[in-house]
Amino acid sequence: MASKTYYGRCGTCRYCDLSSGYTFCYSTSFRCTRNNYSVKADEKPCNRYECDRSRSPEIIARYDK
């Protein structure tokens, strides 16, 4: 299985609430607090993306199951 990359993706956005993660059919989704819908941590970001530099790929991977 290839490892996921989170660089420049929804998981590194400050509006992605990693604590809201829920897993369904082996896929974890998170709530976007700005747009109020579900996103994947490794999904392409929307045009409102704002990087949260305090999030490392290791932190995101811990929440992304």
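Thr12 sits in the segment before β1, where strands (E, at least two residues) and helices (H or I, at least four) are DSSP runs numbered from the N terminus. Thr12 is buried, with a relative accessible area of 8%; buried means under 20% relative accessible area, exposed over 50%, and partly exposed in between, with a 1.4 Å probe and protein chains only. The model is predicted, so local features need pLDDT of at least 70 and side-chain atom pairs count only at pLDDT 80 or more, while totals for chains, interfaces and linings use all residues. Residues are numbered from 1 along each chain as its sequence is written, and side-chain values use heavy atoms, with hydrogens and water left out.

The side chain of Thr12 makes a polar contact of 2.7 Å with the side chain of Tyr49. A polar contact is a pair of N or O atoms within 3.5 Å; within protein, one must be able to donate a hydrogen and the other to accept it, and residues adjacent in sequence count only if both atoms are side-chain atoms. Not counting residues up to four places away in sequence, Thr12 touches Tyr6, Tyr49, Glu50, Cys51, Asp52, Arg55 and Ile60, contact here meaning heavy atoms within 4.5 Å.

Two strands pair if DSSP finds at least two bridges between them. Strands β1 and β2 pair in the antiparallel sense over 5 bridges. The bridge partner of Phe24 in β2 is Ser27, and that of Thr23 is Thr28. The hairpin of β1 and β2 has 2 residues between the strands, and Cys25 takes a positive phi near 55 degrees there. Phe30 stands opposite Val39 in β3. The hairpin of β2 and β3 has 4 residues between the strands, and Asn36 in its turn has a positive phi of about 60 degrees.

Thr28, in strand β2, is buried with a relative accessible area of 3%. The side chain of Thr28 makes a polar contact of 3.0 Å with the side chain of Thr23, which is also its bridge partner. A polar atom of the Thr28 side chain lies 3.1 Å from the backbone oxygen of Lys65. Leaving aside neighbours within four places in sequence, the contacts of Thr28 include Tyr22, Val39, Tyr63 and Asp64.

Cys32 also lies in strand β2 and is buried, with a relative accessible area of 9%. Its C-alpha atom is separated by 6.1 Å from that of Asp17, 15 residues apart along the chain. Beyond neighbours within four places in sequence, Cys32 is in contact with Tyr15, Tyr37 and Val39.

Cys32 is one of the 11 residues of the largest nonpolar core, which also takes in Tyr6, Cys10, Cys13, Tyr15, Cys16, Leu18, Phe30, Val39, Ala41 and Ile60. A nonpolar core is a set of buried Ala, Val, Leu, Ile, Met, Phe, Trp, Tyr and Cys residues joined through side-chain atoms within 4.5 Å. The elements giving two or more residues to this core are β1 (16-24) and β2 (27-32). Cys10, a member of the core, is in contact with Cys16, Val39, Lys40, Ala41, Glu43, Lys44 and Pro45, leaving aside its neighbours within four places in sequence.

The cysteines remain to be considered. With a disulfide defined as a pair of cysteine sulfur atoms within 2.5 Å, the count comes to 0. For Cys46, the closest cysteine sulfur is that of Cys32, 5.7 Å away, which is too far for a bond. Cys51 is in no disulfide either, and the nearest cysteine sulfur, in Cys13, is 8.3 Å away. Cys46 counts as partly exposed at 31% relative accessibility, and Cys51 is partly exposed with a relative accessible area of 41%.
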